[in-house]
2 protein chains.
Amino acid sequence: MKLFGYFRSSAAFRVRIALNLKSVDYDQAFIHLRKNDQRSADFLKINPQGLVPALIDNGHVLSQSLAIIEYLEETRPEPALLPRDSVGRARVRSLAQAIACDIHPIDNLRVLQFLGKEMKHDAGDIEAWFNHWVKVGFDGIEQSLATDGKAGAYCHGDVPGLADICLVPQVFNARRYPSFDLSPYPTIMRIFGNCMKLAAFDRAVPEKQPDAE
Amino acid sequence: MKLFGYFRSSAAFRVRIALNLKSVDYDQAFIHLRKNDQRSADFLKINPQGLVPALIDNGHVLSQSLAIIEYLEETRPEPALLPRDSVGRARVRSLAQAIACDIHPIDNLRVLQFLGKEMKHDAGDIEAWFNHWVKVGFDGIEQSLATDGKAGAYCHGDVPGLADICLVPQVFNARRYPSFDLSPYPTIMRIFGNCMKLAAFDRAVPEKQPDAE
């Protein structure tokens, strides 16, 4: 099992947590996103989407973090990262996608670079953009977690799973700018704190990766 | 079963196709995104994320298009929208997410509105932004579909499924600006053409919805 990632990539961070939670050993290859390694001819042969993470398992190349984690869930079912019931699974996937579809891609490095280089925005504009999309997303997620009665120590009851795997890297991202106020999100931050007590999350953080700068 | 959608929403379009492919009858409620109905107090009570689609099934409120479709797949397994094998499922989910995470959210209405109203971009800038992210995404998807040997009449063999459900609305989006050149994407357009011959896709198109303008 080999993970192509980058220490600062939220999407690679998700897969590292999932592999750790499932106690799967893996090697890492490092794709330096700021050096544009993800667009190199060699990496595009592995993943034509030109994005990290990619995972190679038994010769099969997998891409897109949520697709990779669903694959891990199907091939290494224990411990489960999704609940057993379909309504619960839909809730967890919705929370995960509220981050993985509707916050993270809009605030991704390549989008911020495009805003600067192509659209000529300064650092202040980019900071406002970044914080805006985290706020819109976190407002809805906090509301769901705080009111629907399904959260426990973690996003869905008392077992860490797919929603937590997406939430933790997004909180790391939300801290990028000190101007972002996390105080309106006590439920998110409580769950984040609980996750960070677990070795599977702690070992996956960006600054503990071999390619951290 | 009740779908909260909007005729022009790509994400709602995906769910309409999935419901049609599975021959599930459903009622529709219309959330006018340009009138900001998705941020109304009434709708936020249904979906705190403030996004369409939302689906109510047996009193359960589901949100996020891919989470809804996975729920439909689990609760109404036939006809299957994902292949049986885990590697195939990962491939289909990756193609779906290449669209649903890495193209569509960046080009979504609320993002384009923010670029105009808050970041003061004119229509030309917004068109260039929109086309850029479709091109980056379609380049990778075309490369995968054309070279990995897994596509048939549809994205994965000869049965329409989750990847096609995401691809077709994205092609509708890609046609938003005549300036976008679709000629580099013969495989995408071949599959799109095959899908559009199916009633499940055709009945789901924006202009055939009751709220179409």
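What follows is a short chat about the fold of a predicted model. Residues count from 1 along each chain as its sequence is written, with chains lettered from A and ligands numbered from 1 in the order in which they are written. Local features need pLDDT of at least 70 and side-chain atom pairs count only at pLDDT 80 or more, while totals for chains, interfaces and linings use all residues.

Reader: What radius of gyration does chain A have?
Author: Take the radius over C-alpha atoms, with the globule rule being 2.2 Å times the number of residues to the power 0.38. For 213 residues a compact globule would come out near 17 Å, and chain A agrees with that. Its value is 17 Å.

Reader: How much of chain A is buried?
Author: Buried means 20 or more other C-beta atoms within 10 Å of a residue's own, with C-beta atoms placed from the backbone. Counted over the 213 residues of chain A, the buried share is 48%.

Reader: In what order do the four strands of the chain B sheet lie?
Author: Strands here are DSSP runs (E, at least two residues), numbered from the N terminus, and two of them pair if DSSP finds at least two bridges between them. The sheet in chain B is open with mixed pairing, and its order is E2-E1-E3-E4.

Reader: Which residue stands opposite B:Gly5?
Author: Strand E1 (residues 2–5) of chain B runs parallel to E2(B), joined by four bridges. In E2(B), the residue facing B:Gly5 is B:Phe30.

Note on methods:
A residue is buried if 20 or more other C-beta atoms lie within 10 Å of its own, exposed if 12 or fewer, and partly exposed in between; C-beta atoms are placed from the backbone.
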